[in-house]
Amino acid sequence: MSVLYAVLAASLFGCALYMILSRNVVRLLLGLSMLASAVNLMVFLAGHLRSVQPPLIPDGADTLRDSADPVPQALILTAIVIGFALTVVLAALSLRAYRAQGTLNTDELRSAEHLGNPVAGGADGDR
Amino acid sequence: LETPSQVEPTVIADAIAGGAAVWPVAIPLLGAALTLLLRRSPSVQRGVMEGSVVLMLGASVSLLVGVARGDVMVMAFGGWGAPFGITFVADRLGAVLSLVTGIVALAVAIYARADIRARRRKAGFDPLFLGMLAAVNGAFLTGDLFNLYVWFELMLVAAVGLITLDRRPSQIDGAIRYAAMSMLGATFILIGIGLLYGEAGTLDIAHLAVILAGREVTLTLSTSAFMLLAGFALKAGLFPLFFWLPASYHTAPMSVTAALAGLLTKVGFYACLRVLVVVFDISGTAIVPGIPQLAALLAAATMIVSVLAAIAQVDLRRLLAFHILGQVAYLMMGLALASSAGLAAAIVYMIHTMLVQTGLFLGAGALARAQGGYDLRLGTGLMHDRPLFTALFAVMALSLSGVPPLSGFWAKFLVIDAAFRADAAWLAMAALLVGFLTLYSMSTVWSDGFWGTTSRRTRVIRSIPPAMMYAMILLGMCTIGIGLAIDVVLTFANDAASQLTRPISIGMTR
């Protein structure tokens with residue numbers, strides 16, 4: 001079971017990295033959020049896949065016996081929220097870039113590179 | 001999985017005393033909330049922001065006074081100590097970096113009076129700036145690895161907001177590059193954290209050190225260590241993952257660039273230092289082999305590449321952005337030596353470079369204000385018209401190049417001396433060469449920006465607002481003061497380094 005999930009996480013990593021290498025900002029964005037899912041799955045596996053028993057220490061015992069560790073699940077919840085927020089920020093930036101420059105190709109979105117670049121001869125547009 | 005329930009959650013500091021570790025984070029967070037509500041009245045907003053910065057600086061000073069006695073302030077939220085709850089731990093290193101953050105923030109807040117007008121304040125400069133300060137202090141003071149990751153993400157969101165303050169196309173482009181690369185780095189960090197948790201069953205940094213002490217290296221541990229190194233190196237701007245920095249920093253308003261230059265990459269390095277030294281014990285048993293060697297190669301490659309790139313620039317902002325990378329490389333060099341002298345040198349260097357990088361960028365902004373642009377080829381011969389500003393910029397530039405008696409000389413001297421002592425002569429030679437090239441780069445800035453003839457002038461030299469001068473005077477006095485009182489700073493750094501290599505285990509067992 002763990003091996004299956006590990007293979008799934010690995011293929012998600014592969015797909016996500018392929019998407020991130022794209023020159024289209026939207027693909028990059030989707031790749032990054034897919035990468036976050038892959039990491040979440042991996043962190044989930046770090047807590048081990050065990051029985052469905054809830055993570056409560058039974059009476060008279062002092063260690064958790066047969067259930068999965070709940071901490072990674074709490075970490076994943078936090079990571080999902082943060083990842084979502086960052087995806088929205090990047091999406092807003094992409095929308096802004098598209099509206100201003102009419103393209104989502106990172107090769108054409110080069111005004112940051114041109115600003116003060118000695119080779120591109122970019123003029124010093126702002127103070 | 002064995003839950004660490006046999007560990008008694010003991011809290012050594014009570015909520016009042018340990019609470020001192022929380023104020024440098026809580027004050028700017030409260031200020032950020034308040035300034036967000038005051039968005040409609042920029043002048044009140046500015047007052048609240050400046051008040052928060054001053055209070056935050058005061059909180060950091062009192063924290064430093066507390067830890068200088070040798071105490072470690074611990075605040076366990078909700079009374080849950082490690083490994084169950086999240087702790088804030090202020091040791092010497094965290095407290096002094098929080099103080100330096102306060103000084104940098106104060107200088108930027110003063111400078112912003114002249115640089116950040118009502119439009120930029122309405123765009124959200126104040127809440128974003130305070131949010132970034134809270135995140136930086138949070139990263140310096142947290143005792144929990146996952147919490148550290150959360151602060152990195154908060155820092156990223158605030159920094160993206162600050163870079164795109166004017167909504168210029170170049171800023172949007174820069175922010176996309178910055179956000180995408182930083183999200184990738186955060187993913188590396190999260191992978192490392194997840195694997196480390198799977199191996200050790202805790203995320204508290206001090207507790208991790210206790211659990212991992214004497215462990216044999218496993219595949220999980222070494223993957224975790226290298227993923228964390230990759231993630232933090234990306235955040236710190238080390239070779240080969242630094243291209244986002246010179247592609248984005250120069251697009252922001254100068255107050256923002258100065259704050260980012262002084263603070264953010266250093267937090268990346270700080271995380272490296274904390275995790276590699278405390279958790280993976282690279283200066284002692286070195287649980288995962290190969291890390292110091294890799295760090296040394298990264299440091300040498302970063303400093304050489306960045307200084308060569310800096311020499312090729314004609315835009316002062318881009319030139320200084322490449323110098324940020326070179327300075328982080330010196331920090332990494334101190335860490336890579338994995339000796340106590342190297343760590344102390346890295347700590348001194350960190351204090352120095354946070355102040356001086358900020359001062360240089362503020363100086364660049366003032367230069368652009370005076371001569372009407374960042375292009376050094378304008379060559380306006382500023383020293384004839386603005387002698388006081390020229391002198392202040394000279395202090396910063398000479399400090400960056402490592403000229404005595406300024407703080408930069410001692411910082412470079414200590415790192416290179418530690419390298420020779422640790423039998424890393426090749427690294428010391430690289431650092432010396434790069435130091436020479438840095439001096440060359442600063443001298444081109446000098447001859448183009450300040451010495452140029454006044455006859456080629458095409459624009460009128462404008463006056464520099466007093467607020468900009470005050471900010472530079474504050475930072476200039478700091479670099480001179482550290483240079484003159486280096487024995488105090490070095491003693492403190494040695495203590496901080498030894499505290500780092502012997503982490504306090506708060507009643508923690510394995």
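Let's start at Phe413(B), which is partly exposed because its relative accessible area is 41%; here buried means under 20% relative accessible area, exposed over 50% and partly exposed in between, using a 1.4 Å probe and protein chains only. This is a predicted model, in which local features need pLDDT of at least 70 and side-chain atom pairs count only at pLDDT 80 or more, while totals for chains, interfaces and linings use all residues. Residues are numbered from 1 along each chain as its sequence is written, chains are lettered from A and ligands numbered from 1 in the order in which they are written, and side-chain values use heavy atoms, leaving out hydrogens and water.

Stay with the aromatic rings for a moment. Over all chains, the structure holds 18 aromatic pairs. In one of them, the ring centres of Phe409(B) and Trp410(B) are 5.0 Å apart and the planes lie at 70°, so the pair is edge-to-face. Rings of Phe, Tyr and Trp (its six-membered ring) pair if their centres lie within 6.5 Å, and planes under 30 degrees apart count as stacked, over 60 as edge-to-face and the rest as tilted. Trp410(B) also forms an edge-to-face pair with Phe413(B), at 6.2 Å centre to centre and 90° between the planes. Trp410(B) and Phe413(B) are separated by about one helical turn, because they sit three residues apart in helix 17 (residues 407–421) of chain B. Helices (H or I, at least four residues) and strands (E, at least two) are DSSP runs, numbered from the N terminus. Trp410(B) is partly exposed, at 26% relative accessibility, and Phe409(B) is partly exposed at 24%. Elsewhere in chain B, ring pairs link Phe389(B), Phe393(B), Trp446(B) and Phe450(B) into a cluster.

Now turn to helix 1 of chain A. Its buried residues are Ala9(A), Phe13(A), Ala16(A), Met19(A) and Ile20(A).

Finally, look at strand 1 (residues 73–76) of chain B. Met73(B) and Met75(B) point one way, Val74(B) and Ala76(B) the other, and all are buried. Strand 1 runs antiparallel to strand 2 (residues 87–90) of chain B, and four bridges join them; strands pair if DSSP finds at least two bridges between them. Ala76(B) has Thr87(B) as its bridge partner in strand 2.
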